[in-house]
Amino acid sequence: MTAPLLRAEGLVKHYPTEESFLARLLGRRRWVRAVDGVDLEIRAGETLALVGESGCGKSTLGRALVHLEEPTAGTVRHRGDDLAALSAAELRERRRDLQYVFQNPTASLDPRLTVGDAVGEALAVHGVATGADRDRRVAELLETVGLRPSHAGRYPRELSGGQCQRVGIARALAVDPEFVVWDEPVSALDVSVQASILNLLSDLKAEFGLTSLVVAHDLSVVQQIADRVAVMYLGELVEVGTVEAVFSPPYHPYTWSLLSAVPEPDPRWERDRVVLDGAVPSATDPPSGCKFHTRCPVVQDDCGEWDDHPDPAAVDDAGEHAIACPYYNRLADETGTEGA
Amino acid sequence: MALLEVENLDVRFYTEGGVVRAVDGLSYTLGCGERLGVVGESGAGKTVAALAVLDLLDPPGRIEGGSIRFDGEELLDATPERLRRIRGGEVGVVFQDPETALNPVYTVGEQVAEAVRVHTDREGDAAHDRAVDLLDRVGIPDPATRASQYPHEFSGGMAQRVVVAIALAGDPALLIADEPTTGLDVTIQAQLLDLLDDLAADDLAVQLISHDLGVVAEFCDRVLVMYAGQAVERAPVDDLFYHPKHPYTAGLLSAVPRIGDDRDRLATLPGTTPDLASPPPGCRFHPRCPYAEDACTKRDPPLAAVDGDDAHRAACLAYLDDADFDGDLDFYVEGGEP
């Protein structure tokens with residue numbers, strides 16, 4: 001197997017709840033455990049989706065993978081090099097390869113920059129193209145993402161949400177990256193616009209061999225564009241595998257709950273829905289043992305007592321599908337979903 | 001008699017860019033305990049139509065014509081005082097984004113109690129007790145304690161339950177819910193849909209506005225599809241999803257990604273919704289319609305019964321006998337019987 005493009009090992013990112021000196025002095029500072037020990041590989045050319053509820057640490061993990069966040073512990077290696085160990089100049093050079101497209105297309109563009117300047121800025125910062133070259137490259141990029149070169153003179157307020165999203169994509173593509181994190185690329189868009197952006201993402205993968213991480217909460221979107229899926233809960237990965245493996249039994253109980261909650265656009269759809277109680281517990285004080293045990297539909301007596309979260313158990317021969325639940329087979333027995 | 005009857009509703013916004021006909025000749029009815037879904041892209045007029053029913057339109061928006069009858073009473077002739085009684089009383093409202101709907105400086109219990117005082121004759125402790133009951137009704141655990149907390153102490157899903165509790169304060173017959181689950185996680189969305197389901201089972205009529213066809217398929221009895229300020233299709237939910245008759249509905253349905261779907265590419269609707277200050281002539285959907293013919297640019301089709309079925313109506317020349325439309329709408333739904 002070829003070496004992964006990016007590899008996170010034991011990645012941890014904690015944020016303090018209060019930054020002030022007084023809070024520190026009085027010991028009032030607590031830590032939000034946004035990412036709490038994640039091992040993940042991203043292979044060249046694949047689209048990996050990261051799913052989970054709000055507040056589970058998806059975006060933080062995405063940012064840490066391209067070193068927009070300094071990890072609290074653990075490493076992210078890009079082509080074998082630890083990103084945290086690189087000098088500022090080296091890191092800047094790496095950023096050409098590692099891009100991030102932010103959630104909320106309208107808010108992530110500067111309202112005072114024209115589309116041409118917004119895309120051109122990326123070219124200038126990385127010294128890719130200047131002058132007439134730059135303009136030509138901007139026009140090319142706009143066409144790649146399905147806009148017209150004439151859009152270069154427009155301001156973000158003159159564009160629709162879908163068009164703004166395309167500009168954000170063009171900006172990320174400007175430096176010809178090998179890896180892009182898409183943070184909720186379609187969550188703010190109408191279905192018709194969403195479909196065209198999803199098609200664009202597939203085209204980019206086919207055309208440029210782009211490797212990507214898609215952060216999303218909509219599982220039907222994930223199924224459409226991803227090769228592999230990582231399911232995250234309270235800072236930890238609970239299931240990793242190909243889309244086919246993760247979206248069919250055996251499931252981690254959390255994955256199963258998420259899947260069963262997706263409303264199908266089919267009035268005759270019948271299924272056993274599991275409705276999870278409550279919301280995700282606070283990441284400052286996560287439950288002991290398996291973090292999901294407080295909401296798990298098939299919780300067992302000892303789930304709250306593990307000292308360490310068990311390593312995801314590989315459930316297929318190739319080691320491609322991993323489920324961090326020792327009782328995943330019980331889920332099949334209790335719910336009637338077919339087990340392995 | 002239907003609970004809510006909207007007929008030929010016209011809403012216009014007088015802007016510098018011209019007169020925007022945000023809702024144009026919209027008619028629909030909603031019976032007691034019925035669940036109507038209103039779907040369409042952003043800017044289709046879904047929310048404006050709901051605001052018009054509640055007389056919540058702000059200038060430059062104005063109702064220019066039509067009729068809105070609630071329980072037989074014409075709302076367009078009602079006094080402001082009477083409308084204040086109806087709004088939040090007999091007609092409850094839930095908007096998207098609970099965080100902005102709640103006032104951050106009052107306790108949650110006080111905000112529910114306020115609605116109780118305005119819409120019932122309960123005062124003081126009786127109003128507070130009723131507020132706690134309502135919080136309990138919408139599934140908030142430990143309602144007595146939670147009532148004394150502030151909105152920032154509530155998660156998005158719990159805050160939306162509080163908004164539903166406020167909407168229930170006047171014991172409404174109709175609940176208008178505008179994108180009530182948008183922005184919430186699927187797990188929390190499932191909890192809220194369960195709650196709405198439970199309320200509707202108690203004979204509460206619900207007008208659910210959503211862009212999520214999955215939510216509509218699951219929750220609603222009937223669906224109204226809006227495009228560019230007009231109703232383009234109206235049908236029982238099963239017919240709409242299995243036998244869509246309007247090309248726009250078919251386009252929307254095919255653009256939705258589904259789990260278990262093995263298509264490589266999603267179908268897309270070309271183009272964007274028209275500028276309603278100067279909508280295209282004829283059928284407003286014709287510039288984006290794959291079946292458009294010359295006749296479509298000339299005549300704006302009314303919402304007409306399809307194949308004699310009065311419950312299933314579509315606004316397309318293909319269903320008008322006297323129209324000059326020769327083509328065939330050859331879309332179908334996989335898995336639906338022909």
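What follows is a short chat about the two chains.

Modeller: This is a predicted model, where local features need pLDDT of at least 70, side-chain atom pairs count only at pLDDT 80 or more, and totals for chains, interfaces and linings use all residues. Residues are numbered from 1 along each chain as its sequence is written, while chains are lettered from A and ligands numbered from 1 in the order in which they are written.

Biologist: How much of chain A is buried?

Modeller: Count the other C-beta atoms, placed from the backbone, within 10 Å of a residue's own: 20 or more is buried, 12 or fewer is exposed, and in between is partly exposed. Of the 340 residues of chain A, the share that counts as buried is 47%.

Biologist: Which element of chain A gives the most to the side that touches chain B?

Modeller: Contact here means C-beta atoms, placed from the backbone, within 7 Å, and it takes 33 residues from chain A and 37 residues from chain B. The elements of chain A giving two or more residues to that side are α7 (191–208), α8 (219–225) and α10 (253–261); helices are DSSP runs of H or I with at least four residues, strands are E runs of at least two, and numbering starts at the N terminus. The top giver, with seven residues, is α7(A).

Biologist: Over in chain B, how many residues of helix α1 are buried?

Modeller: Helix α1 of chain B covers residues 46–53, and its buried residues include K46(B), T47(B) and L51(B). After α1(B) comes D55(B), with a positive phi near 55°. The helix is largely enclosed by the rest of the structure, because its buried residues number eight of the eight.

Biologist: How are α4(B) and α7(B) placed relative to each other?

Modeller: Helix α4 (residues 108–119) and helix α7 (residues 156–168) of chain B pack at about 20°, with axes 8 Å apart; axes are lines fitted to C-alpha atoms, for helices over the stretch in contact, and angles run from 0 to 180 degrees between N-to-C directions. V108(B), Q111(B), V112(B) and A115(B) meet V162(B), A165(B) and I166(B) there. Angles under 35 degrees count as roughly parallel, over 145 as roughly antiparallel, 65 to 115 as roughly perpendicular and the rest as oblique. That is why α4(B) and α7(B) come out as roughly parallel.

Biologist: And how are α7(B) and α8(B) placed relative to each other?

Modeller: The axes of α7(B) and helix α8 (residues 186–201) of chain B come within 10 Å and cross at roughly 20°. The contact is made by G156(B), G157(B), Q160(B), R161(B) and V164(B) of α7(B) with I188(B), Q191(B), L192(B) and L195(B) of α8(B). Given that crossing angle, α7(B) and α8(B) are therefore roughly parallel.

Note on methods:
Contact = placed C-beta atoms within 7 Å.
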